[in-house]
Amino acid sequence: MLFRSGSPNMSLIEKTPIKRGKWHRIKLVIKWSTGKNGTAKAFLDGRATPFASAKGRNMHNDYQHYFKLGMYRHEAIASDNAIHIDNVSIRHAN
């Protein structure tokens with residue numbers, strides 16, 4: 001699993017292996033910002049400490065931002081893959 005952050009250019013912050021055939025719980029805590037006060041943290045399988053974190057700008061501009069979740073493969077990579085996503089919750093924290 002890859003964790004990238006930054007805007008306008010994203011950087012690879014961390015990568016961590018995950019086990020196939022096993023459910024994983026991933027929690028993202030993000031403070032969206034066009035300035036230096038943006039933060040993003042990624043937690044895996046209920047751990048109290050994030051496996052990755054980033055600080056700084058994570059929005060390109062002040063327009064509404066969005067979150068994409070899924071498996072992304074280049075069309076030239078021929079393989080059969082599946083990803084199962086369950087219990088997604090997105091909320092605004094004060």
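**Group meeting: the aromatic pair and the nonpolar core**

The model is predicted: local features need pLDDT of at least 70, side-chain atom pairs count only at pLDDT 80 or more, and totals for chains, interfaces and linings use all residues. Residues are numbered from 1 along each chain as its sequence is written, and side-chain values use heavy atoms, with hydrogens and water left out.

I turn to the rings. The structure holds one aromatic pair (ring centres within 6.5 Å). F3 and F51 form this pair, with 6.4 Å between centres and 70° between planes, which is edge-to-face (over 60 degrees). F3 belongs to strand 1 (residues 2-5) and F51 to the loop between strand 4 (39-44) and strand 5 (52-55), so the pair ties together parts that are 48 residues apart in sequence. Strands here are DSSP runs of E, at least two residues, numbered from the N terminus.

Which residues make up the largest nonpolar core? The seven are F3, A40, A42, L44, F51, A52 and A54; such a core joins buried nonpolar residues through side-chain atoms within 4.5 Å. Strand 4 and strand 5 are the elements that give two or more residues to this core, and strand 4 supplies the largest share, three residues.

Finally, the charged end of K27 sits over the ring of F43, 5.9 Å from its centre (the cut-offs are 6 Å from the ring centre and 35 degrees from the ring normal).

Note on methods. Phe/Tyr/Trp six-rings, centres within 6.5 Å; stacked < 30°, edge-to-face > 60°. Helix = DSSP H or I, 4+ residues; strand = E, 2+ residues; numbered from the N terminus. Buried < 20%, exposed > 50% of the residue type's maximum accessible area, 1.4 Å probe, protein only.
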